[in-house]
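Thanks, everyone. I'll take you through one model this morning. Have the sequence and the structure open while I talk.

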Amino acid sequence: MQTKEVWKAVLGELQLQVPKPMFETWLKRTAGVGYDEEVFVVGAPTPFAVEWLERRMYHAIQTIVQKVTKMPLEVRFQVLGGGVNDDEREVWQDQAPEAAGPKPEDYATGSNLNRRYTFDSFVIGASNQFAFNAARAVAESPGEAYNPLFLYSGVGLGKTHLLQAIGHVCASRGRSTRYVTSEQFTNEFITSIGTRTTEDFRRRYRSLEVLLVDDVQFLSGKEQTHESFFHTFNDLHTSGNQVVISSDRPPHGLTRLEDRLRSRFQWGLTADIQIPDLETRMAILASKSEHLGVQVDDSVIELIAKRVRQSVRDLEGSLNRMIAESQLMNVPITVQSAARILDDSAPEDVRQSIDPREILEAVAGHYGLEAESLIARGRTKKVSRARQVAMYMLIYELNMTPTQVGRFLGGRDHSTIIHGAGKINGEINEDMQLRQEVMDIKEDMFA
Ligand code: ADP
Ligand code: MG
């Protein structure tokens with residue numbers, strides 16, 4: 001069956017399932033790009049549409065694609081660029097098979113880096129200038145400028161962004177680079193003990209030229225993990241390789257870590273990121289809307305920037321909600337509609353300040369499990385189920401993207417997350433018990 005026919009059949013089915021305005025906004029201008037035995041690629045006109053489809057429609061689309069093709073295909077979304085008309089559809093379909101695979105020049109594939117997080121896309125202001133300069137200097141001459149570089153700030157202010165921007169520069173220049181969250185580090189280490197591959201683990205880390213460790217405050221409390229991290233750090237540092245660390249507090253505030261580790265964190269340079277001022281918040285919003293290819297009025301930008309102050313992530317979240325609503329209802333974003341959305345979403349901002357870790361712990365607790373087991377690789381029925389519920393809540397309650405959730409849950413692929421969260425999202429309307437479970441968990445958390 002040709003891609004075009006498959007997609008036409010899928011759209012036909014979706015049209016029956018999805019409310020009309022939603023269909024018109026999000027699905028009508030999509031196209032089937034191509035497929036092989038494993039993956040079906042769907043094209044959408046903007047990055048924002050891709051993200052929306054991944055978040056809200058992945059499961060439905062995959063189910064129908066599988067039904068139509070009678071093949072167990074994964075679905076992947078990509079940006080078509082420049083809108084799609086019928087002529088372009090043909091062109092896109094001709095390019096089909098390669099479009100599905102990873103591009104050979106993709107240095108970022110093995111290094112855990114998100115394309116969005118580059119120095120170019122980082123908006124500079126007084127609140128982050130120092131951290132930005134330090135990160136740039138380290139990216140230019142890793143191992144030489146400041147080692148280690150220790151970045152800290154409250155949530156959603158750009159630590160991960162800067163760490164990964166360093167990673168992009170270093171990796172693209174052929175330096176062996178690795179970005180990990182401290183949870184990932186912990187997990188890999190624990191797994192390596194379980195599988196008796198600690199030697200491989202050591203080698204993998206100690207052969208790096210640039211190691212970026214995000215959210216070191218989550219390094220597990222276990223002594224052995226600290227020991228391993230300490231040795232990794234020392235080996236890299238003494239051989240002149242770069243270590244960059246981020247945390248939600250300055251080194252001396254990391255009371256759960258050993259003294260010797262804390263003091264080493266202060267050997268290089270420590271830089272903090274503050275909450276951005278109004279002007280910077282506006283510049284960030286303008287840059288984001290431009291990136292998403294959406295026209296947003298200055299008065300709206302100013303309104304959001306005045307109302308949402310605490311984190312850049314919340315700024316982005318508010319902007320995204322407005323764009324979604326305007327595209328969904330097919331109306332422009334006005335100051336009035338923006339103000340209403342900000343009013344409506346005030347409670348959600350409270351939710352957004354919830355740490356993903358808390359959700360993980362609440363879900364694990366509800367099922368009588370350890371939070372770590374949801375991050376680890378275990379696949380018993382109970383663990384898998386709880387993990388899917390966690391994926392669901394992280395996406396639908398915290399508004400995290402599948403990629404973020406994947407990274408948070410020990411480096412899982414975003415398609416795994418979309419699948420897991422989508423499964424729960426699909427079942428929750430029919431399975432009363434599941435629904436009750438999720439409600440109970442929410443009650444515990446948001447009460
Ligand atoms: P943290 O790791 O400190 O919690 P992130 O790096 O994840 O924060 O940032 C949250 C979101 O805000 C990301 O999408 C990031 O791209 C964006 N962001 C933060 N600071 C800036 C900035 N100065 N310019 C552009 N985007 C930013
Ligand atoms: Mg972060």
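Start with the contacts. Count those in the protein with a separation of 6 or more, and 73% of them are between residues 24 or more positions apart. Keep in mind that this is a predicted model.

Now the overall build. The protein has 23 helices and 8 strands. Its radius of gyration is 22 Å, close to the 22 Å that the globule rule gives for 447 residues, so the protein is as compact as a globular protein of that length. Along the principal axes, the C-alpha atoms fill a box of roughly 60 × 50 × 50 Å. How much of the protein is buried? Buried residues are 51% of the 447.

Next, domains. The assignment gives domain 1 (3-93), domain 2 (105-272), domain 3 (278-347) and domain 4 (353-446). Look at domain 1 and domain 3. Their C-alpha centres lie 27 Å apart. Contact between them involves 7 residues of domain 1 and 7 residues of domain 3.

The largest nonpolar core holds 46 residues. Which members touch the most others? Leu14, Leu27, Leu53 and Ile61 do. Domain 1 and domain 3 both give residues to this core, so the core lies between them. Take isoleucine 61 as an example. Setting aside neighbours within four places in sequence, Ile61 is in contact with Trp7, Leu14, Leu27, Leu53, Val75 and Phe77. There is also a second, separate core of 33 residues. Among its members are Ala362, Met391, Val405 and Ile417.

On to the aromatics. The structure holds 16 aromatic pairs. Here is one of them, phenylalanine 233 with phenylalanine 265. The ring centres of Phe233 and Phe265 are 5.8 Å apart and the planes are at 65°; over 60 counts as edge-to-face, so that is what this pair is. Phe233 sits in helix α11 (residues 223-238), and Phe265 in helix α12 (residues 259-265). The two are 32 residues apart, so to speak a link between distant parts of the chain. Are these two phenylalanines buried or exposed? Both Phe233 and Phe265 are buried. They also belong to a cluster linked by ring pairs. Its members are Phe150, Tyr152, Phe185, Phe189, Phe201, Tyr205, Phe229, Phe233 and Phe265.

Two arginines sit over rings as well. The charged end of arginine 260 is over the ring of phenylalanine 230, 3.7 Å from the ring centre. Arginine 136 lies over the face of phenylalanine 119, at 4.6 Å from the centre of that ring.

Last topic, the backbone. Where is the cis peptide bond? It joins asparagine 147 and proline 148, with omega about -5°. Proline 148 lies in the loop between α7 (129-140) and β4 (149-152).

Then positive phi. Arginine 196 is not a glycine, yet its phi is positive, near 55°. Arg196 lies in the loop between α9 (182-194) and α10 (198-206). With 79% relative accessibility, Arg196 counts as exposed, because the cut-off is over 50%. Aspartate 215 also has a positive phi, about 55°, and is not a glycine. Asp215 is in the loop between β6 (210-214) and α11.

Conventions
Residues numbered from 1 in each chain as written. Chains lettered and ligands numbered in written order. Predicted model: local features only at pLDDT ≥ 70, side-chain atom pairs only at ≥ 80, totals over all residues. Heavy atoms only, no water. Core = buried A, V, L, I, M, F, W, Y, C linked by side-chain atoms within 4.5 Å. Buried < 20%, exposed > 50% of the residue type's maximum accessible area, 1.4 Å probe, protein only. Domains from an automatic or database assignment. Contact = heavy atoms within 4.5 Å. Phe/Tyr/Trp six-rings, centres within 6.5 Å; stacked < 30°, edge-to-face > 60°. Helix = DSSP H or I, 4+ residues; strand = E, 2+ residues; numbered from the N terminus. Lys NZ or Arg CZ within 6 Å of the ring centre and 35° of its normal. Rg over C-alpha atoms; globule rule 2.2 N^0.38 Å.
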